Structures are given as structure tokens and as C-alpha cells.
Amino acid sequence: MKILVPVKRVLDYNVKPRVKADGTGVDLANVKMSMNPFDEIGVEEAIRLKEKGVATEIIAVSVGPAKAQETLRTALAMGADRAILVQTDDAVEPLALAKIFKAIADAEQPGLVILGKQAIDDDNNQTGQMLAALTGWAQGTFASAVNVEGDSVNVTREVDGGLETVKLKLPAIVTTDLRLNEPRYASLPNIMKAKSKPLDTKSPADYGVDTAPRVKVVKVSEPAARSAGIKVADVDELVAKLKAMGVHS
Amino acid sequence: MKTLVWVEHDGSAVKDATLAAVTAASKLGEVHLLVAGSGVDAVAKEAAAIAGVGKVHVADNAAFGHNLPENIAPLVAELMASHDAFVVPATTTGKNIAPRVAALLDVMQISEILSVEGPKTFTRPIYAGNAIATVESSDAKLVLTVRGTAFEKAATSGGSGAVEAVGSGSDAGISSFVGAEIAKSERPELTSAKIIVSGGRALGSSEKYEEVIVPLADKLGAALGASRAAVDAGYVPNDYQVGQTGKIVAPQVYFAIGISGAIQHLAGMKDSKTIVAINKDEDAPIFQVADFGLVADLFNAVPELTGKI
């Protein structure tokens with residue numbers, strides 16, 4: 001079966017986001033961008049399923065600016081077989097993304113779509129579940145284990161308080177949580193090879209999807225700062241402070 | 001505006017996160033509740049007593065027994081014909097269901113709201129809470145998830161909601177529940193605890209976590225937490241994790257022990273009322289947000305604190 005893996009180009013997770021002075025957003029000029037870490041885990045999981053002989057072809061797809069090609073090349077270097085860039089300079093909301101992925105899923109007929117549970121920029125945590133609704137497929141979100149067995153997949157999910165396992169009929173949607181796997185680094189030969197793997201460029205209009213935003217960002221501001229308090233000299237002083245607040249056994 | 005709040009429950013009792021969602025919904029208009037599950041009479045009764053609640057819609061069917069979104073989302077979409085906003089606690093269960101409902105309604109969901117600024121305007125964290133966005137929906141209906149720490153909990157008594165059975169419900173037949181491993185504990189839940197004692201990588205092992213962190217938590221009746229580094233190192237299970245990729249908490253007192261204070265951890269606990277940090281590195285970023293900082297070797301300081309508190 002084919003596996004479709006959406007990937008997003010985001011501000012690198014090691015970079016501290018800076019809110020722009022005019023309150024229109026976060027400054028992305030001249031800062032390091034990378035693949036969303038949860039999506040990287042999705043690519044890795046797809047590759048492992050291919051190595052196990054479960055998957056036959058991995059298609060990476062990204063919706064974003066021309067530079068999102070770099071993100072797709074990273075996925076190809078890790079082990080995806082081909083890529084589709086749905087090019088747009090507009091910010092595309094999860095609902096419109098899900099519609100684009102639905103159109104691609106209709107065309108490609110994958111057995112699984114593996115997405116990151118959320119992108120670390122907008123923190124929406126929606127696209128996978130929305131795609132599941134639009135396709136009418138089952139969803140295994142926040143996955144920490146994925147086991148394909150015949151025409152179904154068992155997904156172990158990270159839930160509040162522990163783990164839960166659900167059995168889903170294929171085709172299905174999986175969204176990744178952090179402990180699903182540890183993504184590999186692409187080797188230099190594979191990075192070179194990735195340059196010649198096929199990468200198609202499309203537009204949202206090719207899929208008949210209107211990406212006009214439904215939610216307007218009125219402003220973006222810094223969170224209220226928390227100021228540092230005091231350093232206490234020793235445990236006795238700390239105990240006194242805590243007791244004064246009513247904290248004791 | 002008529003809102004429909006998803007009641008999160010464990011089959012026998014309403015979960016706390018629901019109460020914050022009720023408060024958020026009450027800022028928008030009339031509050032109706034949806035209790036979906038299998039054998040949920042007791043939950044419905046408890047839900048009807050929540051202060052300020054109008055109607056309680058009860059969908060009792062085996063297909064709703066394990067919160068499978070494939071079965072529940074169509075039910076909610078149907079009920080939304082007569083409601084204007086679907087309001088859900090931003091828990092793992094809520095986050096699993098809400099976007100599936102939103103897409104069925106062709107609505108763009110607004111995730112993890114922190115405040116209600118107007119009938120269609122909300123604030124929400126982006127970039128792990130490093131920025132706060134004020135956003136306005138243009139959709140005809142709203143689908144919202146609510147960050148539990150950002151709203152007061154509605155009172156669990158005083159309400160007199162009218163209980164009404166709805167929706168026959170059916171099994172979509174594409175998903176089933178296999179099993180769960182839910183840690184049973186006498187301790188308070190992380191997300192509703194008044195005091196949390198969290199340990200980081202500096203502990204070095206799960207044995208040291210048991211030996212140093214647990215006795216302090218026991219003495220204070222506190223919940224146990226950990227940084228992602230401690231979880232990744234295998235000292236404690238993942239459901240202990242506080243941070244951007246774990247749980248978002250805001251207790252009265254948060255003890256960060258041997259935690260350096262990575263952005264990802266701060267994102268999960270910086271709204272705590274009082275933060276106490278114990279770390280031997282005086283330059284650790286955790287001290288920049290701590291109300292009380294103690295620069296000390298945790299292996300000496302924490303047992304001493306446990307003994308004296």
C-alpha cells in the first residue's frame with residue numbers, strides 16, 4: 001500500500017520565536033526553518049513500515065511556499081519515494097489543508113495517511129482529525145505505536161493518564177506523538193540521491209480548494225512576562241517562605 | 001447564542017476539565033451539555049447539577065462507550081443544527097473529537113482558547129505559548145477547545161439542567177476499542193492538582209526519582225510531574241510530562257527540581273501561581289521564572305526540605 005505523509009516547514013524548534021513589533025505575527029525573516037518535528041516522526045514511521053514490507057511507496061506532500069521544497073527534499077532524503085508541493089504563499093488553515101489532502105488521497109488511494117499531531121507554529125492539532133472526517137476514515141491520533149495487521153491497523157494512543165489502543169479499518173489516518181519513534185538523519189549519499197527523486201508542483205486551485213482564511217488574526221502579542229522572584233539562602237529559608245504561604249504537610 | 005459543551009467523563013463521573021469549558025461557554029450564551037457514553041445515567045445527573053446549565057442532552061449507546069470520534073462526531077454534527085457553538089475541553093479526548101466535528105460542519109476550529117474577547121473573538125497560544133494570538137472567526141458556527149487552566153471551574157452544584165435523551169446513535173463500523181493502560185493512583189491528577197512536584201534529568205535515574213521526588217510529593221499530597229528530558233531518559237512514564245508536548249498545568253505551587261527550564265517545559269507550567277526551583281546551576285533558566293529559587297544540590301536539599309516542611 002501507499003502511505004501519504006504531509007510535512008510542514010516551520011520555524012526550527014530550537015529558535016526562540018520573536019513577536020513582530022507591529023503585532024502582525026512572529027518574525028520569520030532570516031531565521032532557521034525546519035520540518036515540523038511531529039511530521040519528521042511521521043516520515044520515519046512510514047519508512048519503517050516500508051522496511052517491514054507493509055508499505056510499497058511513500059509520498060511526501062507539503063502545502064507552502066517554494067521553499068517548502070527543501071522540507072520535501074529532506075523527506076525524500078530520509079526515504080520517501082516522491083513528493084508533491086502544493087505551492088502557495090498564503091497561510092493555509094487546517095480545514096483547507098485537510099481538503100487539499102483529501103483531494104490528493106482521492107487521487108493516490110493511500111492505505112495510510114500519517115501526519116504530525118500538530119505543527120509547532122500554530123499548535124492547532126486539527127488537520128489529521130479533519131482529514132479523517134472528510135474522507136470518512138477512522139483516526140488514530142497521538143500515536144505511540146502503529147501495527148498494521150491485514151486490513152486493519154492497531155494504534156496505541158497517548159491519552160491523559162496513560163495509553164489506549166484502538167483498532168482501525170484501513171484506509172486510516174494516524175497522527176504522531178513524540179514517542180512513536182526517533183527519526184533518522186539523512187545520510188549524505190541519500191541527500192544526493194534525493195535531488196533526483198520526482199517532485200511535482202501543484203497549486204491549491206489544481207485541487208479545487210479555496211484557501212481563503214476563515215479565522216482572522218487580529219493581533220499577535222507577547223505573553224505576559226513572569227518576573228524572577230528571589231533566591232533563598234538555604235532550605236530553612238525556603239521552608240519558612242512555604243509555611244508563610246500555607247504550604248506544609 | 002446556544003452552546004453545546006462536550007462533557008468529558010470516565011463513565012461514572014464528570015471530569016474536572018469539563019467545568020472550565022462550561023465557564024468558557026457561559027461567556028458566549030446559553031449552556032447545553034452533551035453526555036455521550038454507555039450507561040451514563042449517573043454522569044447525566046451529575047452534569048445537570050453543574051451551575052448555570054440549561055439542557056443536558058444524553059446519548060446513551062454502546063457505540064459511544066469509548067469516545068470513538070468516528071461514532072461521536074456524526075452525533076454532535078446532528079445536534080449542532082440547533083446550537084451555535086460546540087465547546088470542548090482541550091484534553092486528549094476533546095482534541096480527538098472536536099476537529100472531526102468541525103470538518104463535518106465545514107467550520108475552522110479555534111484551538112485551546114485562553115479567553116473570550118467577544119462573540120467570535122478569542123485569544124489562544126501559538127508557538128508553545130511564546131506568543132498569544134487574538135483571533136476572530138467568520139464561520140456561521142463555532143467549534144472551540146478550551147484550555148482548562150485559563151478558566152475558573154464552574155460550580156458542581158446549584159444547577160438544575162433538564163435531562164433529555166437524544167440521538168439513537170450507531171457504530172460507524174470502522175474503529176473499535178482494544179484496551180487501555182491507565183495508571184491508577186491515589187494522587188491528585190496533574191492537571192487539577194493544587195501542588196505539583198516535578199523532577200528533571202538531574203535526578204539521573206528512576207530510582208533517584210522514587211527516592212527524592214516521591215517522598216516530598218507524598219508529604220505535601222502533591223501530584224508528580226517531570227520534564228520531557230526525564231521522560232525521554234525513562235525515569236517516569238510519559239503521562240507525568242509537563243510542557244508543550246505534555247500537560248499544561250497551573251497549580252498553586254509548582255516545585256521544579258533538577259529541571260533546567262527549557263522553553264518547552266516553561267510552556268507547560270509558567271502560569272503556576274508560585275514556582276519553586278531547586279537546581280545546583282545558578283544560571284539555569286528556571287530561576288528566571290521562579291518565585292523562590294534555591295541554588296543547591298538537590299540530593300541534599302530535597303530530603304532536607306521533605307524532613308522540615
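Which residue is the bridge partner of G116(A) in β10(A)? In this predicted model, local features need pLDDT of at least 70 and side-chain atom pairs count only at pLDDT 80 or more, while totals for chains, interfaces and linings use all residues. Residues are numbered from 1 along each chain as its sequence is written, with chains lettered from A and ligands numbered from 1 in the order in which they are written.

The partner is T176(A). Strands β6 (residues 112-116) and β10 (residues 172-176) of chain A pair in the parallel sense over five bridges; strands are DSSP runs (E, at least two residues), as helices are (H or I, at least four), numbered from the N terminus, and pairing requires at least two DSSP bridges. Helix α4 (residues 127-135) of chain A packs on the sheet and touches β6, β7 (138-149) and β10 of chain A, contact being C-beta atoms, placed from the backbone, within 7 Å. The direction of α4(A) makes about 75° with that of β7(A); axes are lines fitted to C-alpha atoms, for helices over the stretch in contact, and angles run from 0 to 180 degrees between N-to-C directions.

Turning to chain B, helix α2 (residues 41-48) has V43(B), A44(B), E46(B) and A47(B) buried (20 or more other C-beta atoms within 10 Å of the residue's own, C-beta atoms being placed from the backbone). Seen down the axis of α2(B), these buried residues fall within an arc of 165°, so they line one face of the helix; the arc is taken over directions from the helix axis to the C-beta atoms. Their cover includes β2 (30-37), β3 (53-60) and β10 (162-165) of chain B.

Definitions and conventions:
A residue is buried if 20 or more other C-beta atoms lie within 10 Å of its own, exposed if 12 or fewer, and partly exposed in between; C-beta atoms are placed from the backbone. Two residues are in contact if their C-beta atoms, placed from the backbone, lie within 7 Å.
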